[in-house]
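Overall figures come at the end.

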Amino acid sequence: MLRRAGPSLRHFLLERKSSAGYSSYSSEAKMSRPVQARRLEGIDKNIWVEFVKLAATYSTVNLGQGFPDFPPPDFLQKAFVRALSGENHMLHQYTRAFGHPPLVKILAQFFGKLLGRDLDPMTNVMVTVGAYQALFCCFQAFVDEGDEVIIIEPFFDCYEPMVKMAGGMPVFVPLRPKAPKDGKLMSSADWHLDPAELASKFSERTKAIVLNSPNNPLGKVFSRGELELIADLCVKHDVLCISDEVYEWLVYDGKEHIRIASLQGMWDRTVTIGSAGKSFSATGWKVGWTVGPNRLLQHLRTVHQNSVYHCATVAQEAVAQGFQRELELYGKPESYFIQLPKELQQKRDWLVQSLGAVGMKPIIPEGTYFLVADISEFKSDVPDVPDSDEPYDSRFAKWMVKNKGLAAIPLSAFYCGAHKNNYNHFIRFCFAKEEATLKAANDILQKWKREKTSP
């Protein structure tokens, strides 16, 4: 083999760069131009990053993040194992990008029954990487630069940054609390929209309204009258509705979850979002979906195919089998969608009693994993700091996890910046936990009570 004499081309180029005053491995050539896209400005902070880290560092009991610490039902776990270890090796490969065929078919059948219409599984249903990605697809697909999106406060915290990332402008309208006259504990039903205030938020720039019922963090289940108010305004102003219904099966005390897409004039303008994570207590599987008319979902598919493209096949297969079982048992006592809310209502009532016994004032939720409690009586533990930029409930929650080992989330995290201090004496607890976890939380609270009352 011939070898050319003289220096190699690489050696020649390195010498040339060196003679020009550059090192071949220069650490000085840093970028000077901005790298952050403008759409990320002001939305880099995230409540969950901060409080999850605090809980991992200090907490003995974490009632902050909204996930069960108990397992999914046996039938769903067995379905996952069958899908994972069965003979159909294609379940380890890509499936249809917009939803595994068995899953979209059973979702169309199931939700068609609930909505009273025939759904096409290929055009009226799309599977997403959890409800979170479904929301992202909606905002990216529908919201243009300058569009206004109405958000009802308190709201799940990702709504605001997702609207802004799409170039839209969030417009906030609060649920306003009204204490019951009979002296009973407040319920999430005591938090209402003001009809005139809500109507005033609609304009020619309004593109969509985000509805979350049952509502996280408050646990409010919107009544038919409230939903009809929203629906009438949507129809009047030709506005879309993005309906986040991930807690649709978790309603208590005989309350009814009403799907706004079932109301007159709303099917054609509504995307309904659901979650297997919440429905089957398997939040880590990240299987969500959207249901709606093809004229809307076709645009979600465009965003989906150009972002994640595909969701985990095995998880979709297992969820499809779970829904097949639930369709066969629909309305029967053996249905998981009937059993789970009964179990969680008992846990809710237990936590309500536990919090009330130590002097907090729980707001009894009609649905979801969560209850909010008034901490006004605990200001002696964490004195207020006048003119502080940080809301009181945020400082209280940080103090509580560091000093008492109990993690919760400040309610102000679910409000826009301008309104955070209007509702800064509440914290949110998650009661979708094992009995042992709730008992450990009660032990912390009882010890805290003794410390407060001891001389």
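## Basis

Axes here are lines fitted to C-alpha atoms, for helices over the stretch in contact, and angles run from 0 to 180 degrees between N-to-C directions. The model is predicted.

## H3 against H11

Helix H3 covers residues 74-85 and helix H11 covers residues 313-328. Their axes lie 8 Å apart, at an angle of about 140 degrees. H3 is therefore oblique to H11, since the roughly antiparallel class takes angles over 145. The crossing of H3 past H11 is right-handed.

From H3, the contact draws on Phe75, Leu76, Ala79, Phe80, Arg82, Ala83 and Leu84. They meet Val314, Ala315, Glu317, Ala318, Val319, Gln321, Gly322, Arg325 and Glu326 of H11. By class, the contact of H3 with H11 holds 10 nonpolar, 2 polar and 4 charged residues.

How far apart should the ends of H11 be, at 1.5 Å a residue? The 16 residues of H11 should span 22 Å. The end C-alpha atoms of H11 are 23 Å apart, which agrees.

H11 is mostly covered, with 12 of its 16 residues buried.

## H2 against H13

Glu50, Phe51, Leu54, Ala55 and Tyr58 form the H2 side of the contact. The H13 side consists of Ser394, Ala397, Lys398, Val401 and Lys402. The residues in the contact of H2 with H13 divide into 6 nonpolar, 1 polar and 3 charged.

## The whole chain

The protein chain has 14 helices and 15 strands. Its C-alpha trace spans about 100 × 65 × 55 Å along the principal axes. Of its 455 residues, 52% count as buried.

Consider contacts between residues at least 6 apart in sequence. Of these, 72% join residues at least 24 apart.

Terms used. Residues numbered from 1 in each chain as written. Predicted model: local features only at pLDDT ≥ 70, side-chain atom pairs only at ≥ 80, totals over all residues. Heavy atoms only, no water. Helix = DSSP H or I, 4+ residues; strand = E, 2+ residues; numbered from the N terminus. Parallel < 35°, antiparallel > 145°, perpendicular 65-115°, else oblique. Left-handed = near helix turned anticlockwise from the far one by under 90°. Contact = heavy atoms within 4.5 Å. Nonpolar A, V, L, I, M, F, W, Y, C, P; charged D, E, K, R; others polar. Expected span 1.5 Å × (residues − 1). Buried < 20%, exposed > 50% of the residue type's maximum accessible area, 1.4 Å probe, protein only.
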